[in-house]
Amino acid sequence: MTLLVSREKSLDTEIRQVEHHALVMLDGELDTATAAQLFEMFAELAREGIQHVALNLAELDFIDSTGISVVVAEHKRVESMGGELIIFSPRPRVRKVLEVTGLGNYLNIRPGKREA
């Protein structure tokens, strides 16, 4: 028996940088198949000395534990440099995953739960 996995959508990314700040926009799915792509992008931001990252999740359809681990690692990296990771506009499905995992109180998510 062969298990076939088809992906409807990959992960599209766009980064805009100004000095020590970056806006990272994600569109698609952040999961086991795409997390390494985002990890490498964050690694490049680290090499460039970016300390403040805004992560726009308005177009992210799905996130799994592998994707979450990349986001948490970036949060820790920027904090260790005196910076901040802000997550903007997660869709309800993605926000629910962040809340269920307990990261809703750990990560800086805007708008906040009560504002959404």
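**Close-up views of a predicted α/β model**

**View 1. Arginine 77 and glutamate 74 pair within helix H2.** The two residues are 3 apart in helix H2, so about one helical turn separates them. Helices here are DSSP runs of H or I with at least four residues, strands are runs of E with at least two, and both are numbered from the N terminus. Arginine 77 forms a salt bridge with glutamate 74, and the closest N and O atoms are 2.7 Å apart. A salt bridge requires a side-chain nitrogen of Lys or Arg within 4 Å of a carboxyl oxygen of Asp or Glu. Arginine 77 is buried at 15% relative accessible area. Glutamate 74 is buried too, at 2%. Buried means under 20% relative accessible area, exposed over 50%, and partly exposed in between (1.4 Å probe, protein chains only). The model is predicted: local features need pLDDT of at least 70, side-chain atom pairs count only at pLDDT 80 or more, and totals for chains, interfaces and linings use all residues. Residues are numbered from 1 along each chain as its sequence is written, and side-chain values use heavy atoms, with hydrogens and water left out.

**View 2. The whole chain has 3 helices and 5 strands.** Along the sequence the pattern reads β-β-α-β-α-β-α-β. The protein has 116 residues, of which 41% count as buried. Among contacts between residues at least 6 apart in sequence, 65% join residues at least 24 apart. A contact means heavy atoms within 4.5 Å.

**View 3. Five strands form an open sheet in the order E1-E2-E3-E4-E5.** The pairing is mixed. Strands E1 (11–18) and E5 (108–110) stand at the edges with a single partner each, so one side of each has no neighbour in the sheet. Neighbouring strands are turned by 20 degrees against each other on average, direction ignored. Two strands pair if DSSP finds at least two bridges between them.

**View 4. Strand E4 pairs with E3 and with E5.** E3 and E4 run parallel and are joined by 5 bridges. Valine 53 has leucine 85 of E4 as its bridge partner. E4 and E5 also pair in the parallel sense, over 3 bridges. Here isoleucine 86 stands opposite asparagine 108 of E5. The covered face of E4 carries Leu85 and Ile87. Its uncovered face carries Glu84, Ile86 and Phe88.

**View 5. The largest nonpolar core holds 27 residues.** Such a core is a set of buried Ala, Val, Leu, Ile, Met, Phe, Trp, Tyr and Cys residues joined through side-chain atoms within 4.5 Å. Leu26, Leu30 and Leu55 touch the most other members. Two or more residues come from each of strand E2 (21–30), helix H1 (35–47), strand E3 (52–63), helix H2 (65–80), strand E4 (84–88) and helix H3 (92–100). Which residues does leucine 30 contact, leaving aside its neighbours within four places in sequence? They are Leu11, Ala35, Leu38, Leu60, Phe62, Ile63, Asp64, Gly67 and Val71.

**View 6. Helices H1 and H2 are roughly parallel to each other.** Their axes come within 9 Å and cross at roughly 10 degrees. H1 contributes Ala35, Leu38, Phe39, Phe42, Leu45 and Ala46 to the contact. H2 contributes Thr66, Gly67, Val70, Glu74 and Arg77. H2 also lies across E2, E3 and E4, running at about 170 degrees to E3. Axes are lines fitted to C-alpha atoms, for helices over the stretch in contact, and angles run from 0 to 180 degrees between N-to-C directions. Angles under 35 degrees count as roughly parallel, over 145 as roughly antiparallel, 65 to 115 as roughly perpendicular and the rest as oblique.

**View 7. Aspartate 61 forms a salt bridge with arginine 91.** The closest N and O atoms are 2.2 Å apart. Aspartate 61 lies in strand E3 and arginine 91 in the loop between E4 and H3, so the pair ties together parts 30 residues apart in sequence. Both residues are partly exposed: aspartate 61 at 22% relative accessibility, arginine 91 at 30%. Glu59, Asp61 and Arg91 are linked in a network of salt bridges.

**View 8. Glutamate 44 forms a salt bridge with arginine 47.** Their closest N and O atoms are 2.9 Å apart. Both lie in helix H1, 3 residues apart, about one turn of the helix. Glutamate 44 is partly exposed, at 34% relative accessible area. Arginine 47 is exposed, at 57%. The salt bridge count comes to 5.
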